Amino acid sequence: MDGVAGIRPHDLRVQSGRRSAHYLPSLPLAKQLIRAEGRSLRSGARDTWSFLIRTPEMIEAGVREVLRRSLAPRWSVEEGYAAARGAGVRFNPDLDFGKGLAVGDVKYKLATSDWNRSDLNQIVTFVAAYDCAEGAVFSFAGEGQVSRPDLGVGRHCIRSINWDASGALSPAEAAKQVAEAAALWLSAVEAQGLEVVA
């Protein structure tokens, strides 16, 4: 990691100051790691604790940024927001393409060959809230996994776009591949909209 030096004897005496208070939760764990203390879920002689860093929002923001950079200037990619009529209910898809042309939802998990019902219900709800025809679920795919076929739900069409997480591609190649798949999909969505208008 950039800016991280090797272990030094005085590292175990480090205290968190006012300007580094945001490191306070991780400091005891870091010291335990330096001392090579083992951890298990069994009871022991010393107390310990752990913490989680929420990663789904980071993954969503990362996918959104990759798509934003790759699809600009033809399509904008933003975090979505739509309000229900007559109630205080909001809908927040992870991806709003072209200011309502289509919506997408990022799933922080490996895709399966079948549609997950709750994922499908969520993207269909987002598509309906945006009153657009198309939505996509962005998931991750392991080795040998193929994309699910498009699914028609009423007048809506739902697509599955997978980020290759098998390790066969570099992260940059995988990002390029998912951006190209999104661009092909959005081109088709745009063309369908033009046909309906004509």
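Asp119 and Lys109 form a salt bridge, with their closest N and O atoms 3.0 Å apart; the term covers a side-chain nitrogen of Lys or Arg within 4 Å of a carboxyl oxygen of Asp or Glu. This pair links distant parts of the chain, as Asp119 sits in helix α3 and Lys109 in strand β5, 10 residues apart. Helices (H or I, at least four residues) and strands (E, at least two) are DSSP runs here, numbered from the N terminus. Keep in mind that this is a predicted model: local features need pLDDT of at least 70, side-chain atom pairs count only at pLDDT 80 or more, and totals for chains, interfaces and linings use all residues. Residues are numbered from 1 along each chain as its sequence is written, and side-chain values use heavy atoms, with hydrogens and water left out.

Asp119 also meets Lys107 in a salt bridge (3.8 Å, N to O). Lys107 lies in strand β5 (residues 102-110) and Asp119 in helix α3 (residues 117-130), so this pair ties together parts that are 12 residues apart in sequence. Both Lys107 and Asp119 are buried, meaning under 20% relative accessible area, with exposed being over 50% and partly exposed in between (1.4 Å probe, protein chains only).

Elsewhere, Arg8 and Asp11 pair up in a salt bridge at 3.8 Å, N to O. Here are some accessibilities for the residues in these pairs:

| Residue | Relative accessibility | Class |
|---|---|---|
| Asp119 | 7% | buried |
| Lys109 | 35% | partly exposed |
| Arg8 | 43% | partly exposed |
| Asp11 | 15% | buried |

The salt bridge count comes to 13, and Glu65, Arg68, Arg69 and Glu78 are linked in a network of them.

On to the cysteines: the count of disulfides (cysteine sulfur pairs within 2.5 Å) is 0. Cys132 is in no disulfide, and its nearest cysteine sulfur, that of Cys157, is 11 Å away. That's too far for a bond. Cys132 is also buried, at 5% relative accessible area.

Then there's helix α1 (residues 27-34), where Leu27, Lys31 and Gln32 are buried. These three cover an arc of only 140° around the axis, which puts them on the same side of α1; the arc is that of the directions from the helix axis to the C-beta atoms. Just after α1, Ala36 takes a positive phi of about 60°.
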